[in-house]
Amino acid sequence: MSAMVDIARNHNAATAAGRTLPPTAPLAVAVPDMTARRPAAGRHSEEADARPTGRESSAALPAAESRSAVAARYLLAGIRIALGWVFLWAFLDKLFGWGFATPSARSWLNGGSPTAGFLGGSEGPFSGFFTAIAGNAVTNVLFMGALLAVGTALLLGIGMRLAAIGGAILVVMMWAAVLPPSSNPFMDDHLIYAAILIVLALLGAGNTLGFGKAWSATPLVRNATWLK
């Protein structure tokens with residue numbers, strides 16, 4: 001008992017003298033490394049999940065053009081070129097008379113008229129108008145100029161808007177000259193051509209296998225977009 005009293009007295013004396021006990025160091029608790037004890041297969045799967053897969057960045061990038069879209073572009077370009085050759089060939093045959101639809105003796109260079117035969121034989125509701133202008137010098141120039149301009153524009157893929165408008169007007173007038181068609185009450189290939197021309201212009205068919213993009217980038221076309 002006396003020993004305990006002495007310890008208490010010593011403690012009170014130390015406190016009264018202003019002495020403080022030294023701070024106790026914090027207890028260090030060892031935390032086991034669970035990663036080291038985890039099976040290797042589990043660690044590998046977590047590392048694989050943490051690796052970047054590229055999906056995050058690919059979502060921000062524009063979607064690549066599908067194969068069907070590429071095929072459609074080239075199909076439209078092929079139709080454009082084929083239709084352009086139809087117009088250009090009609091011009092060349094009527095100009096030189098190569099014997100396919102126009103004999104050499106009736107070619108334009110030999111004094112023949114490229115519109116007298118077709119328009120002169122009109123028998124439809126507009127026959128009076130077409131027979132009146134058939135074989136006229138102005139009609140011949142406008143007709144041949146339209147064939148050359150539309151055919152060249154389609155082959156090169158430039159001026160598609162003008163080619164579509166001019167070509168559609170030309171073939172619709174040719175359709176009106178043969179009304180009614182021989183095999184249908186009103187529909188024939190001229191109206192199909194007109195629709196195709198408009199579709200080609202709306203879908204920018206001149207940009208594939210053509211000079212449409214380069215044409216659109218020229219200062220002239222940038223200032224007058226109707227020339228596209």
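Biologist: Which residues in α9 are buried?

Modeller: They are Met160, Ala163, Ala164, Gly167, Ala168, Leu170, Val171, Met174, Trp175, Ala176 and Ala177. Buried stands for under 20% relative accessible area, exposed for over 50%, and partly exposed for what lies in between, with a 1.4 Å probe and protein chains only. This is a predicted model, in which local features need pLDDT of at least 70 and side-chain atom pairs pLDDT 80 or more, while totals for chains, interfaces and linings use all residues. Residues are numbered from 1 along each chain as its sequence is written, and side-chain values use heavy atoms, without hydrogens and water.

Biologist: What do the buried residues of α9 pack against?

Modeller: Their partners are α5 (67-96), α6 (116-120), α7 (127-133), α8 (137-156) and α10 (189-202); contact here means heavy atoms within 4.5 Å.

Biologist: Why is the pair of Trp89 and Trp98 called tilted?

Modeller: Phe, Tyr and Trp rings (for Trp the six-membered ring) pair if their centres lie within 6.5 Å, and planes under 30 degrees apart count as stacked, over 60 as edge-to-face and the rest as tilted. Trp89 and Trp98 are 5.5 Å apart centre to centre, with 40° between the planes, so the pair is tilted.

Biologist: Which residues do ring pairs link into a cluster?

Modeller: The cluster holds Trp85, Trp89, Phe96, Trp98 and Phe100.

Biologist: Which residues are closest to the centre of the largest pocket?

Modeller: Phe118, Phe143, Leu147, Leu170 and Met174 are, out of 29 lining residues. A pocket is an open set of points on a 1 Å grid over the protein atoms alone, where a 1.4 Å probe fits, with protein on both sides within 12 Å along at least five of seven lines; lining residues have an atom within 4 Å of a point.

Biologist: How many residues of each class are in that lining of the largest pocket?

Modeller: There are 21 nonpolar, 5 polar and 3 charged residues. Ala, Val, Leu, Ile, Met, Phe, Trp, Tyr, Cys and Pro count as nonpolar, Asp, Glu, Lys and Arg as charged, and the others, Gly among them, as polar.

Conventions:
Helices (H or I, at least four residues) and strands (E, at least two) are DSSP runs, numbered from the N terminus.
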